[in-house]
Amino acid sequence: MIRFENVGLRYGAGPEVLGGLNFSIPPQSFQFLTGPSGAGKTTLLRLMLLSLRPTRGAIRIFGEDALGLSKDELTKVRRRIGVVFQDFRLLEHLSTYENVALPLRVTGKSESAYRAEVTELLDWVGLGERIHAPPAVLSGGEKQRAAIARALIARPELLLADEPTGNVDPTMARRLLRLFVELHKSGTAVVIATHDIALMDQVGHARRLYVGDGRLEVLEPEDL
Amino acid sequence: MSAREPDLLEPRALSAAYRPTALIPTDTVASRALVVVIAIMTFLACLTAGAAILIGEASQSWRGDVAESVTIQIRPRLDEDAEALLAKVAEAARTSPGVAEARPLSLADTQALLEPWLGRGLDISKLPLPRLVVVRMRAGHGADLGPLRTAVAVASSEANLDDHSAWLDRLTAMANVIVSFAGAVFLLVIVAMSTAVGFATRGAVANGREIVEVLHFVGASDGFVARQFQNHFLGLGLRGSLAGGGAAALCFLAASVLSAWWRNSAGGAELAALFGAFSLNVLGYFALVAICIGVTLLTAYLSRWIVLRHLRNVQ
């Protein structure tokens, strides 16, 4: 699904912030991306999302050379990826419903075609009573759930989530994690960046990608 | 209570009339300012274009009037019977092909013509003044004066034909200069408006960078993003051009009513003769509508082009 071959990244003439990255995200896999703060977890997620270009190495995504993609091809790739940002990135002038529906709306679908699907998912993440509320009036946890719902609504083949349970209570965190696991069971590959060891321990079959000192180490479930 | 609050109180209701919110925020200070700029520019463009149309029509009308009218000037010798010669030349003109009417000006008519310069009560019969025959050509015969010229020459060697061509040429040149000047002003207004739209689009893209980024990450193509900006600016252009074009149309209507009222006054008739009735015809109003449509489409197209150019450089 995604393969990194000797990938490195530096900003300008500075030192490499990430280097020698060799790993792959297999289809239908589940992994946590972990490591200390500032180690480069978010940067690595941005490389996977192709919003950053590596300064060396090769990235293949869905069988294509990611660095040679045209803008149209990049758009098609991004429609196969769902992403949850750490800072949510909800559009302030849209309602919760409209934010969650965004990935379907940009494909040109009519609103009536996705209304039932979006309201059902909003119900599932506990935002059924907040569909008209703009993000400004949502709590941190509600914003996070809206961001997760937006990432899931188009049933992506790959889900990238940056600290998706950072702002919710443990009960909601378990509920959201169950949602990710269900999604994984239905065939989506999941990458969750988190510091939360307790959360990681709840998914025994998950791989762990540990980022530290600009390097990445892959720990298989049997190594844990 | 605002219009949005009832929705919050009835959270499960997505009414049948629900329409998705525009992805580019519409009600911003910059948007309102751009609507005002577009309205002013459209108003100026419509005024300039309307004025050019009025002058063009007036000049066409003068040229038409003058082209169908020629004057025969006769300088009778002192020993000649001027009235007989006048009648003879008028008759020769009347029988010439293409002539609708040949009217000799009597001594009284001539005196009336000279009255503004020479005053009343002067006996001009003793003065060696040329006598005139006013000839009106049939429609479409103004250009071919050859037969009339020959007939007049045969009738009298003292008569010559003045087709007003020198004056007509000066008039045409003046009208062309005015219309060209109006065209240049119109172009400048359009360039100024395009520049304002360009700045506003770049501003909107810069302010909406976060929106554009999110749209890209959720799978929006450049075309989709550009279309959102295009629709946004299409709406602004439409509002501005309708306001500006409507105001200009009202100005022309008011000018038409005022000039009709003023035409009955002493100076009004002369002004109307020179500049026409200050009244745009239906085609003139169509031109104003065309300018409004053009401004709206130009605004939308420019914004789309600028956004696409910007997105080309964004990963």
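1. In this predicted model, B:Arg136 is partly exposed, at a relative accessible area of 44% (buried is under 20% relative accessible area, exposed over 50% and partly exposed in between, with a 1.4 Å probe and protein chains only). Its salt-bridge partner is B:Glu101, with N and O 3.4 Å apart (a salt bridge is a side-chain nitrogen of Lys or Arg within 4 Å of a carboxyl oxygen of Asp or Glu). B:Glu101 belongs to strand 2 (residues 99-104) and B:Arg136 to strand 3 (residues 131-137) of chain B, so the pair ties together parts 35 residues apart in sequence (helices, H or I of at least four residues, and strands, E of at least two, are DSSP runs numbered from the N terminus). B:Glu101, with a relative accessible area of 34%, is also partly exposed.

2. Some conventions apply throughout. Residues are numbered from 1 along each chain as its sequence is written, while chains are lettered from A and ligands numbered from 1 in the order in which they are written. As this is a predicted model, local features need pLDDT of at least 70 and side-chain atom pairs count only at pLDDT 80 or more, whereas totals for chains, interfaces and linings use all residues; side-chain values use heavy atoms, with hydrogens and water left out.

3. Chain A has seven helices and 10 strands. Its C-alpha atoms occupy a box of roughly 45 × 40 × 30 Å along the principal axes. The radius of gyration of chain A is 17 Å, which agrees with the value near 17 Å for a compact globule of 224 residues (taken over C-alpha atoms, the rule being 2.2 Å times the number of residues to the power 0.38). Of the 224 residues of chain A, 56% count as buried. Among contacts between residues of chain A at least 6 apart in sequence, 68% join residues at least 24 apart (contact means heavy atoms within 4.5 Å).

4. The structure contains 13 salt bridges over all chains. Within chain A, A:Arg80 pairs with A:Glu157, the closest N and O atoms lying 2.8 Å apart. A:Arg80 sits in the loop between helix 2 and strand 6 (81-84), and A:Glu157 in the loop between helix 5 (140-152) and strand 7 (158-162), so this pair ties together parts of chain A that are 77 residues apart in sequence. A:Arg80 is partly exposed at 32% relative accessibility, and A:Glu157 is partly exposed at 32%.

5. The contact between the two chains involves 34 residues from chain A and 33 residues from chain B. Together the chains bury about 3,100 Å², of which 58% is on carbon and sulfur atoms (buried area is the accessible area, with a 1.4 Å probe, that two parts lose on being put together, summed over both). A:Lys71, A:His93 and A:His132 account for 22% of the area that chain A buries against chain B, more than any other three residues.

6. Three salt bridges are found across the interface of chain A and chain B. One pair that meets in a salt bridge is A:Arg89 with B:Glu210, at 4.0 Å from N to O. A:Arg89 is buried, at 17% relative accessibility, and also forms a salt bridge with A:Asp87 at 3.7 Å. A:Asp87, A:Arg89, B:Glu210 and B:Glu213 are linked in a salt-bridge network.

7. Eight residue pairs, both members at pLDDT 80 or more, are in polar contact between chain A and chain B (N or O atoms within 3.5 Å; within protein, one must be able to donate a hydrogen and the other to accept it, and residues adjacent in sequence count only if both atoms are side-chain atoms). Helix 2 (71-78), helix 3 (96-105) and helix 4 (111-124) of chain A each supply at least two residues of the side of chain A that touches chain B. Helix 3 of chain A gives the most to that side, with five residues. By class, the side of chain A that touches chain B has 14 nonpolar, seven polar and 13 charged residues (nonpolar being Ala, Val, Leu, Ile, Met, Phe, Trp, Tyr, Cys and Pro, charged Asp, Glu, Lys and Arg, and polar the others, Gly among them).

8. In helix 7 (residues 209-217) of chain B, the buried residues include B:Ile211, B:Val212, B:Val214, B:Leu215, B:His216 and B:Phe217. The cover over the buried residues of this helix includes helix 2, strand 6, helix 3 and helix 5 of chain A, together with helix 8 (222-262) and helix 10 (282-312) of chain B. Just after helix 7 of chain B, B:Gly219 takes a positive phi of about 100°.

9. B:Thr71 lies in strand 1 (residues 69-74) of chain B and counts as buried, at 15% relative accessibility. Apart from its neighbours within four places in sequence, B:Thr71 is in contact with B:Leu132, B:Val133, B:Asn160, B:Leu161, B:Asp162 and B:His164.
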